[in-house]
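Subject: Structure for you to look at

Dear colleague,

I am handing over the structure we spoke about, and below it you will find an account of what came out of going through it. Please open it beside this message as you read.

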Amino acid sequence: MAAKFFLVSILDLLLGINFLSPILLVQNSIDSDEVVYLNPKNQSIPYLLPTTETNYFPIRDWEVSEPILSARSVLLFDSASEKTLFSVSPETKLPIASLTKLMTAVVVVENMNLDDVVEIKKSAIEKSQKQGGGNDLYEKEKMKAADLVKVMLIESSNVAAYALAEYSEEHYGVNLIEKMNEKTKTLEMNDTFFTESAGLDDENSFSTSQDLIKLVKYSFRYGNLYDILKTQRTEIASTDGILRHQILNTNQLLGRLFNIIGGKTGFTQRAGGSMILVTEAPNPQSRLIAVVLDSNDRFNDTEKLIEWAGKAYLWK
């Protein structure tokens with residue numbers, strides 16, 4: 001008589017405990033409706049040793065209602081479990097404004113020498129001003145590439161982003177925009193496209209919350225970027241020491257939330273308010289990644305998400 005055998009590790013399934021657990025062996029006869037439950041104390045019955053520990057956390061507490069947010073697209077992600085904890089339209093393509101600069105920073109780190117001295121050219125200033133981005137650096141001012149990355153990420157300098165792109169092209173023959181789009185393919189960010197390094201072109205550039213999670217996860221390999229992103233204020237000087245810039249982080253949640261690992265803000269009229277924020281999770285082995293796009297109140301939306309995650313999920 002043909003039969004199928006199903007092995008179920010009862011305690012491992014329910015408790016996620018990795019130990020030698022008895023097996024309930026169920027024989028389901030094909031020729032009849034008979035079901036036979038075999039005694040697991042019988043030494044002829046096999047035992048199962050799970051090879052990995054099962055972890056079901058974080059577990060949703062459905063007594064806690066979902067947050068009410070103004071953002072058009074939202075994604076909250078737990079890095080350890082690889083779980084999406086909350087989302088609103090995560091696949092919607094939207095302009096992301098200065099969140100672009102996180103990708104710019106990644107490709108700069110991978111393709112340039114950060115000790116290089118970069119001269120700020122009039123063309124970088126004019127490009128920023130033409131796009132409505134203003135000017136925070138001086139023509140012919142010289143800075144190390146590493147310091148330009150800091151200015152770009154902390155105070156979201158558009159001139160710094162354009163200056164880095166120009167220098168990369170002229171001195172390395174590397175088109176940063178091409179590298180940025182190549183990286184999207186590598187990371188399978190299939191709904192992302194960049195046209196420039198600052199994020200001011202909000203008509204032709206776009207991404208999704210889902211794709212930006214992939215970028216953030218990849219960027220974790222460059223811990224120095226997150227040291228920069230969590231810096232609330234600092235001073236950056238030109239290489240000759242004559243010009244000194246007091247730069248303040250555009251992330252207003254720094255000092256308001258105390259578990260921040262790093263974050264990046266963005267805003268244009270078309271893109272609305274956008275934000276990436278990485279914080280420590282209630283599980284100390286994990287990180288929470290929040291992405292908010294096209295928000296009327298990006299800081300409040302992001303803060304709500306992070307606080308909600310602590311209440312809406314059981315973490316251990």
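Over the ring of which tyrosine does the charged end of Arg 60 sit, and how far is that charged end from the ring's centre? The ring is that of Tyr 313, and the charged end of Arg 60 lies 5.9 Å from its centre. The charged end of Arg 60 also sits over the ring of Trp 62, at 4.2 Å from the centre of that ring. Please keep in mind throughout that this is a predicted model.

As for the overall picture, the protein has nine helices and 15 strands, and of its 316 residues 48% count as buried. Among the contacts with a separation of 6 or more, 62% are made by residues 24 or more positions apart. The accessible surface comes to about 16,000 Å², and carbon and sulfur atoms account for 49% of that surface.

Turning to the aromatic residues, there are seven aromatic pairs in the structure. In one of them, the rings of Tyr 218 and Tyr 222 have centres 6.3 Å apart and planes at 75°, an angle over 60 degrees, so the pair counts as edge-to-face. Tyr 218 is buried, with a relative accessibility of 11%, and Tyr 222 is buried as well, at 17%. Elsewhere, Tyr 313 belongs to a cluster that ring pairs form with Phe 86, Trp 308 and Trp 315.

Trp 315 is also one of the contacts of Ala 309, a residue of helix α9, which covers residues 298-312. Ala 309 counts as buried because its relative accessibility is 0%. The C-alpha atom of Ala 309 is 9.7 Å from that of Phe 77, although 232 residues separate the two along the chain.

Finally, the nonpolar cores. The largest has 60 residues, and those touching the most other members include Leu 148, Val 149, Leu 164 and Tyr 226. Helix α5, residues 158-172, makes the greatest contribution to this core, with eight residues. Leaving aside neighbours within four places in sequence, Leu 164 is in contact with several residues, among them Val 108, Met 112, Leu 148 and Val 149.

With best wishes

Definitions and conventions
Residues numbered from 1 in each chain as written. Predicted model: local features only at pLDDT ≥ 70, side-chain atom pairs only at ≥ 80, totals over all residues. Heavy atoms only, no water. Phe/Tyr/Trp six-rings, centres within 6.5 Å; stacked < 30°, edge-to-face > 60°. Buried < 20%, exposed > 50% of the residue type's maximum accessible area, 1.4 Å probe, protein only. Lys NZ or Arg CZ within 6 Å of the ring centre and 35° of its normal. Helix = DSSP H or I, 4+ residues; strand = E, 2+ residues; numbered from the N terminus. Contact = heavy atoms within 4.5 Å. Core = buried A, V, L, I, M, F, W, Y, C linked by side-chain atoms within 4.5 Å. Areas by Shrake-Rupley, 256 points an atom, 1.4 Å probe, with all protein chains shown as cover.
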